[in-house]
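Terms are given with their cut-offs where they come up.

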Amino acid sequence: MIHPFRLCHDCMTANTTDNAPFRIDETSFKQIYLAHWEKVYAVCYNTVRDPEPAKGMVQEIFKSLWERKDELEITTSVERYLLRSAKFKVFEYLRNTKSRREHNEIAFADYCDRTHCTENDILYNSLKTKIDGLVDTLPCQCRRVYKMSREEGLSNKEIASALLISERAVEYHITRALTTLRANLTEYMH
């Protein structure tokens, strides 16, 4: 049996004694929105550092919550559910942003092919291929941190927040990656 949704006044969590799923109605939805939109926005904004996409993500999360209210079964606290949704939405945004960037690189490469690349373009592509190969040999976490920093342009703080590690750990991984790259790219250094 599905229980009607009730809110704890101090924590805004599901208040079901037998961990049964609950149903969201218009009143509880408004309460949830008012209690949690700022936290959801903070998760989104602290990672992407752009208010417009962050606002859009918050809107999509709450819109989805409302549209799926009849079949949605939240078995954890509402806050935990929403913050987890925000993290997924941020990762989706970052993935899509990376896809657009890759598409632009491919379009540029096609343009370069059509206009007879210069020697510098060929050297650039050679260096990029070598760097990509070296990055692929890095340990998993080191590689992930390096790509988020250098390819996605995220700050150390944003990376730490997204991966749930300390900023110091981010610095360590970037230093380790750069040391590996320098050691293996001496032929390109003047």
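## Helix packing

A crossing is left-handed if the near helix is turned anticlockwise from the far one by less than a right angle, and right-handed if clockwise. Helices are DSSP runs (H or I, at least four residues), numbered from the N terminus. The crossing of α5 and α6 is right-handed.

Helix α5 (residues 140-150) packs against helix α6 (residues 156-163) at an angle of about 135 degrees, and their axes are 10 Å apart. That makes α5 oblique to α6; angles under 35 degrees count as roughly parallel, over 145 as roughly antiparallel, 65 to 115 as roughly perpendicular and the rest as oblique. Axes are lines fitted to C-alpha atoms over the stretch in contact, with angles from 0 to 180 degrees between N-to-C directions.

## Contact residues

Gln-141, Arg-144, Val-145, Met-148 and Ser-149 in α5 meet Ile-159, Ala-162 and Leu-163 in α6 (heavy atoms within 4.5 Å). By class, this contact of α5 with α6 has five nonpolar, two polar and one charged residues. Ala, Val, Leu, Ile, Met, Phe, Trp, Tyr, Cys and Pro count as nonpolar, Asp, Glu, Lys and Arg as charged, and the others, Gly among them, as polar.

## Pocket lining

α3 (78-114), α4 (119-136) and α5 each supply at least two residues of the lining of the largest pocket. The largest share, seven residues, comes from α4. The lining has five nonpolar, no polar and nine charged residues.

## Basis

The model is predicted: local features need pLDDT of at least 70, side-chain atom pairs count only at pLDDT 80 or more, and totals for chains, interfaces and linings use all residues. Residues are numbered from 1 along each chain as its sequence is written, and side-chain values use heavy atoms, with hydrogens and water left out.
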